[in-house]
Amino acid sequence: MSLTREMIISRLQDVTDPELHRDIISLNILNHVSVCDGYVRVRLEPRSQSSAARTQLQQAVEQAIRSLGDEVKQVNVEWEGNEGASASPAAAGASPAGQQQSGQQQTGGQAGAQAGGQGGQEQQGLPGVKHIIAVGAGKGGVGKSCVAVNVAVGLARRGYRVGVLDGDIYGPSLTTLLGLEGMQPQGHGRDKIEPFEVHGVKAMTLGQLVEPEKPLIWRGPMAHGAFRQLAMQTNWGELDYLIIDLPPGTGDVPLTMSQLLPLTGAVVVCTPQKVAQDDARRAVRMFAQLQIPVLGIVENMSYFIGDDGKEYDIFGRGGAQIMASEMGVPFLGVIPINMRLRANSDQGTPISNFEDDAKLGKEIEAVVQALEDQVAVHDMEASAPTLNVH
Ligand code: ADP
């Protein structure tokens with residue numbers, strides 16, 4: 001049975017405040033509980049407790065949640081107004097832009113805990129950004145970042161104002177894929193940073209803000225803080241689309257993202273093999289759990305065109321399409337294995353994918369078109385009037 005908020009809240013009924021001598025539910029100090037794929041985040045509302053009592057209570061809450069079993073992978077317990085402050089990187093890392101995360105003020109004190117995922121009251125959104133689309137994958141190496149970048153550039157080529165956010169804070173790759181090496185980040189006002197402007201898109205990545213050789217190992221709250229800073233402190237301005245390249249797999253960055261930003265939806269990238277499909281299914285389910293609509297699946301590395309002009313289905317072309325129809329989510333198209341795409345990615349010149357190879361360009365354009373169509377459907381559904389019949 002998978003871990004749910006209800007299970008956590010029910011277990012927390014047994015946790016008593018050491019100074020106020022009542023359980024934390026009846027004290028109404030449990031402000032927020034969210035859970036995704038075993039990653040749990042809890043926020044408590046401070047009352048009159050001493051700091052020793054707060055530490056004790058924090059530990060008791062963590063222990064109670066961990067007692068729910070192996071399905072609990074990570075627990076973050078924070079105090080309102082002090083979010084992330086207890087966190088430190090697990091190993092040598094760096095905080096983006098050299099800043100410490102600031103405590104987040106909440107109105108707090110609501111009865112019970114709020115749901116994790118889209119629609120949580122924490123969401124602030126990005127004023128000026130019309131559509132936020134996350135690109136995820138069940139596992140690494142399937143070409144998720146490549147697809148995110150090419151979709152972004154493809155949308156920009158259609159005249160949209162587009163940004164790309166490297167949400168893969170554990171392994172940022174936009175520096176390479178967009179050719180940002182040597183570019184210096186520029187500040188904007190006191191606490192904002194200008195995005196880089198390349199190939200018709202605005203871009204921000206942690207890869208440009210920390211030393212390239214340093215390992216990026218974050219504990220949950222630090223990852224939360226890093227993603228938050230990148231998303232919220234970049235001066236995106238007015239955008240039609242912000243594409244977010246997520247870390248591979250499921251985890252707490254998607255959870256943070258869904259709490260922070262109102263997403264139009266997500267795209268899942270998958271290669272055709274059975275094992276890749278299994279991982280992609282998990283990614284689709286994760287978005288569903290976070291109440292983020294899946295706009296569609298892209299089959300990357302679908303087939304290969306040999307020098308003889310023949311198409312070879314190396315990984316079993318069509319596998320992701322079958323999976324999409326089985327799961328009832330739209331299929332956005334295929335991108336072949338292409339040596340130019342690989343070389344253009346390494347060189348940071350994504351525009352060449354649209355210009356050097358007509359077939360590759362057409363396949364990517366078709367994915368972009370299909371995504372645009374899905375967003376239009378989403379917009380229509382969101383603005384559809386409701387009829388009340390009495
Ligand atoms: P992920 O984000 O899923 O980890 P990347 O987008 O970083 O994967 O891609 C991994 C590697 O595969 C990169 O070197 C990239 O250039 C290459 N690659 C991705 N898609 C293709 C493709 N369709 N054809 C050729 N190479 C590709």
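1. A backbone N or O atom of G141 lies 2.8 Å from an oxygen atom of the ligand, and an oxygen atom of the ligand is likewise 2.8 Å from a polar backbone atom of K144. A backbone N or O atom of P336, in turn, lies 2.8 Å from a nitrogen atom of the ligand. The protein covers 80% of the 560 Å² of accessible area that the ligand has on its own, areas being taken by the Shrake-Rupley method with a 1.4 Å probe.

2. Please keep in mind that this is a predicted model, in which local features need pLDDT of at least 70 and side-chain atom pairs count only at pLDDT 80 or more, while totals for chains, interfaces and linings use all residues. Residues are numbered from 1 along each chain as its sequence is written, and side-chain values use heavy atoms, with hydrogens and water left out.

3. The shell around the ligand has 16 residues, of which G141, K144, S145, C146 and P336 come nearest; a residue is near if one of its heavy atoms lies within 4 Å of the molecule. The shell divides into 7 nonpolar, 7 polar and 2 charged residues, with Gly counted as polar and Pro as nonpolar. At least two shell residues come from each of α3, β12 (294-305), β14 (331-337) and α9 (339-347), where helices (H or I, at least four residues) and strands (E, at least two) are DSSP runs numbered from the N terminus.

4. Within the helix, L341, A343, N344 and S345 are buried, that is, under 20% relative accessible area with a 1.4 Å probe and protein chains only. After α9 comes G348, whose phi is positive, near 70 degrees.

5. The largest nonpolar core has 85 residues, and I243 and L261 have the most contacts inside it. Helix α3 (residues 144-157) gives the most to this core, with 9 residues, and a second, separate core of 21 residues includes L27, L30, V40 and W79. Such a core is a set of buried Ala, Val, Leu, Ile, Met, Phe, Trp, Tyr and Cys residues joined through side-chain atoms within 4.5 Å.

6. Strand β4 (residues 129-137) is mostly covered, with 8 of its 9 residues buried. It runs parallel to β10 (residues 239-245), joined by 6 bridges, and V129 stands opposite L239 there. Strand β4 also runs parallel to β11 (residues 265-270), through 5 bridges, and G136 has V268 as its bridge partner in β11; strands pair if DSSP finds at least two bridges between them.

How values were computed:
Buried < 20%, exposed > 50% of the residue type's maximum accessible area, 1.4 Å probe, protein only. Polar contact = N/O pair within 3.5 Å; in protein donor to acceptor, adjacent residues only side chain to side chain.
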